[in-house]
Amino acid sequence: DTVIGVDGGWPDASSAEHALAAVALTLGPGLVRMACTHLTRVGGPHVVLSLDLADPAARDLLPAGLAPVAAGTGSAAAQAAAAHRERRSGRLVRYPGQEHLTGVRTVAEIIATSAIERVVAVLAPPVAGAALVDTRSFVRPEWLDGLMTLRVAAAAGGLLAPFEVPDPTPCCADHGAGRAVRPAP
């Protein structure tokens with residue numbers, strides 16, 4: 001296994017995911033086994049990637065400006081790679097079995113057909129294997145306590161759904177955004 005960290009200075013997870021898609025195309029099918037996004041404050045708040053590569057030589061094929069960093073450098077990318085390797089943290093955006101997680105699936109199916117090892121409910125009772133999850137075709141588990149964990153929450157129709165939504169409304173989307181804010185009289 002070769003886990004590397006890559007820091008492209010991405011401002012958000014969506015930008016990092018788009019960069020990952022380009023990297024995966026450049027490297028070719030199957031070379032990026034797993035990939036995580038990591039929010040960091042090292043060098044200012046931004047998102048870095050950790051990549052689990054099927055072939056160590058693939059690190060030399062990364063596009064210019066996305067060279068992996070050496071382990072132990074203390075950089076955000078090195079910290080992300082260590083967290084991924086040790087299964088301490090990271091939001092998984094590419095992992096085995098991900099392609100099977102579309103539509104409504106039982107918890108048991110999610111665990112049986114993907115690398116997800118555990119499903120936990122946020123603000124809800126524990127989930128059983130027969131519980132139904134509306135994946136919304138957007139399933140982003142995370143490393144939690146050494147296990148690839150999918151957090152779910154109650155959803156419409158008695159279903160569960162991944163806690164992270166596909167297109168979240170950015171914080172402060174309806175205020176600020178270049179408009180002057182007037183103090184209350």
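Across the whole structure, a search finds 8 salt bridges, a salt bridge being a side-chain nitrogen of Lys or Arg within 4 Å of a carboxyl oxygen of Asp or Glu. The model is predicted, so local features need pLDDT of at least 70 and side-chain atom pairs count only at pLDDT 80 or more, while totals for chains, interfaces and linings use all residues. Residues are numbered from 1 along each chain as its sequence is written, and side-chain values use heavy atoms, with hydrogens and water left out.

Select R140 and E17 to begin, where the two side chains form a salt bridge of 2.8 Å, N to O. R140 sits in the loop between β7 (132-134) and β8 (142-144) and E17 in helix α1 (residues 13-27), so this pair ties together parts that are 123 residues apart in sequence; helices (H or I, at least four residues) and strands (E, at least two) are DSSP runs, numbered from the N terminus. Both R140 and E17 are buried, where buried means under 20% relative accessible area, exposed over 50%, and partly exposed in between (1.4 Å probe, protein chains only).

Next select R91 and E164, whose closest N and O atoms are 2.8 Å apart in a salt bridge. Because R91 belongs to strand β4 (residues 91-94) and E164 to the segment after β10 (160-162), the pair joins parts that are 73 residues apart in sequence. R91 counts as buried at 15% relative accessibility, whereas E164, at 29%, counts as partly exposed. Now display E17, R91, R140 and E164 together, which are linked in a network of salt bridges.

Finally, select R33 and D52, which meet through their side chains in a salt bridge of 3.0 Å, N to O.
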